[in-house]
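Please take a moment to look it over before reading on.

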Amino acid sequence: MDKYGLIGYPLEHSFSVSYHNQRFADEGINAKYINFEIPSIDELPEVLSS
């Protein structure tokens, strides 16, 4: 499964997860969209390795 997402902080306002995951399902795309809410750029390597 492919993973896509939005990286930032805060992300409470984002509608990206529901929007993109619904589009993936509608198109039969084996992918997942995730919000990676990180308060510090220092956490980016952990996000990229997941």
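The report below goes from the overall make-up to the individual elements.

This is a predicted model. The protein holds two helices and two strands, and along the sequence they come in the order β-α-β-α. Along the principal axes, the C-alpha atoms fill a box of roughly 35 × 25 × 5 Å.

Let us turn to the elements themselves, starting with three of them.

| Element | Residues |
|---|---|
| Strand β1 | residues 2–8 |
| Helix α1 | residues 16–27 |
| Strand β2 | residues 31–37 |

How do β1 and β2 run, and how many bridges join them? The two strands are parallel, with seven bridges between them. One of the pairings can be picked out by name: Gly5 has Ile34 in β2 as its bridge partner. Together with α1, the strands β1 and β2 form a β-α-β unit, and its hand is right-handed.

Helix α1 is built from 12 residues. From its first C-alpha to its last it reaches 16 Å, close to the 16 Å expected at 1.5 Å a residue. Gly28 follows α1 and has a positive phi, near 70°.

Now for contacts and surface. Of the contacts with a separation of 6 or more, 64% are between residues 24 or more positions apart. Buried residues account for 20% of the 50 residues in the protein.

Methods. Residues numbered from 1 in each chain as written. Predicted model: local features only at pLDDT ≥ 70, side-chain atom pairs only at ≥ 80, totals over all residues. Heavy atoms only, no water. Helix = DSSP H or I, 4+ residues; strand = E, 2+ residues; numbered from the N terminus. Buried < 20%, exposed > 50% of the residue type's maximum accessible area, 1.4 Å probe, protein only. Contact = heavy atoms within 4.5 Å. Expected span 1.5 Å × (residues − 1). Pairing = 2+ DSSP bridges. Right-handed = clockwise from strand over helix to strand, strands pointing away.
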